[in-house]
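This report describes the charged pairs, the strand arrangement and the nonpolar cores of one model. The sequence and the structure are shown first.

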Amino acid sequence: MCELSPEIKQGLAKQSLELIALEIKGLEVQLDALQEANHNATKSSAGDKYETERELLNQSRGVLENQLHRLIRLESQIRTLKIETNERVVPGALVKLDMGMIWVSVAFGKVSYHGIDYQLVSADAPLVQAITGLGKGDSGHFNGNKVAIREII
């Protein structure tokens, strides 16, 4: 594994924002396509098919809009996260564990940076709750297993 540095956090923030921007763009394209489909829907003689189609389009739009709002929230949270050195597991900390690297930031999942995978997890994640406030060399317990903190930045 690599040596942790503030530059890695900056790179993770940039990489995450780029990935989120791509996902937002994809959702916007899907929403535009739904809008077009909704506009082009034609009413059948019975009317039932038309109403069913419109309802399905509205449900799909609702799901996509919820995903879009979630991504916009994540983007805002990453932008406001302080990129500073930490000696304890707190929001913003980049932590090396035996099981891998985590960045206590937002619940976004795996992001690869310079060939290394990092899990972006929120401060509310159960694993983070189990090790919050601990420092390098400390251990916590998560799901009955010992979790040793190897390094923090």
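## Salt bridges

A salt bridge (a side-chain nitrogen of Lys or Arg within 4 Å of a carboxyl oxygen of Asp or Glu) links the side chains of Lys-14 and Glu-18, with an N to O distance of 3.9 Å. The model is predicted: local features need pLDDT of at least 70 and side-chain atom pairs count only at pLDDT 80 or more, whereas totals for chains, interfaces and linings use all residues. Residues are numbered from 1 along each chain as its sequence is written, and side-chain values use heavy atoms, with hydrogens and water left out. Lys-14 and Glu-18 are 4 residues apart in helix α1, so about one helical turn separates them; helices (H or I, at least four residues) and strands (E, at least two) are DSSP runs, numbered from the N terminus. Lys-14 is exposed, at 56% relative accessible area, and Glu-18 is partly exposed, at 39%. Here buried means under 20% relative accessible area, exposed over 50% and partly exposed in between, with a 1.4 Å probe and protein chains only.

The structure holds 6 salt bridges. Another of them joins Glu-151 to Lys-96, whose closest N and O atoms are 3.4 Å apart. Because Glu-151 lies in strand β6 and Lys-96 in strand β1, this pair ties together parts that are 55 residues apart in sequence. Glu-151 is buried at 12% relative accessibility, and Lys-96 is buried at 13%. Lys-110 and Asp-117 also form a salt bridge, with 3.8 Å between the closest N and O atoms. In that pair Lys-110 is exposed at 54%, while Asp-117 is partly exposed at 38%.

## A buried lysine without a partner

Lys-9 belongs to helix α1, which spans residues 6-40. Lys-9 is buried yet has no salt bridge, and the nearest side chain of opposite charge, that of Glu-84, is 7.2 Å away. Beyond neighbours within four places in sequence, the contacts of Lys-9 (heavy atoms within 4.5 Å) include Glu-84, Asn-86, Trp-103 and Ile-153.

## The sheet

The 6 strands form an open sheet of mixed pairing, in the order β3-β4-β2-β1-β6-β5; two strands pair if DSSP finds at least two bridges between them. Strands β3 (109-113) and β5 (139-142) stand at the edges with a single partner strand each, so one side of each has no neighbour in the sheet. On average, neighbouring strands are turned by 40° against each other, direction ignored.

Strand β5 runs antiparallel to β6 (residues 145-152), and 4 bridges join the two. Phe-142 stands opposite Asn-145 in β6. Helix α1 lies across β1 (94-97), β2 (100-104), β3 and β4 (116-121), and runs at about 115° to β3. Axes are lines fitted to C-alpha atoms, for helices over the stretch in contact, and angles run from 0 to 180 degrees between N-to-C directions.

## Nonpolar cores

A nonpolar core is a set of buried Ala, Val, Leu, Ile, Met, Phe, Trp, Tyr and Cys residues joined through side-chain atoms within 4.5 Å. The largest has 27 residues, of which Leu-12, Leu-94, Phe-108 and Tyr-118 touch the most other members. Two or more residues come from each of α1, α2 (48-80), β2, β3 and β4, and α1 gives the most, with 9.

Leaving aside neighbours within four places in sequence, Phe-108 is in contact with residues including Leu-19, Ile-20, Leu-71, Leu-74 and Leu-120. A second, separate core of 15 residues includes Val-89, Leu-97, Ile-102 and Ile-149.

Key
Lys and Arg count as positive and Asp and Glu as negative; His and the chain ends are not counted.
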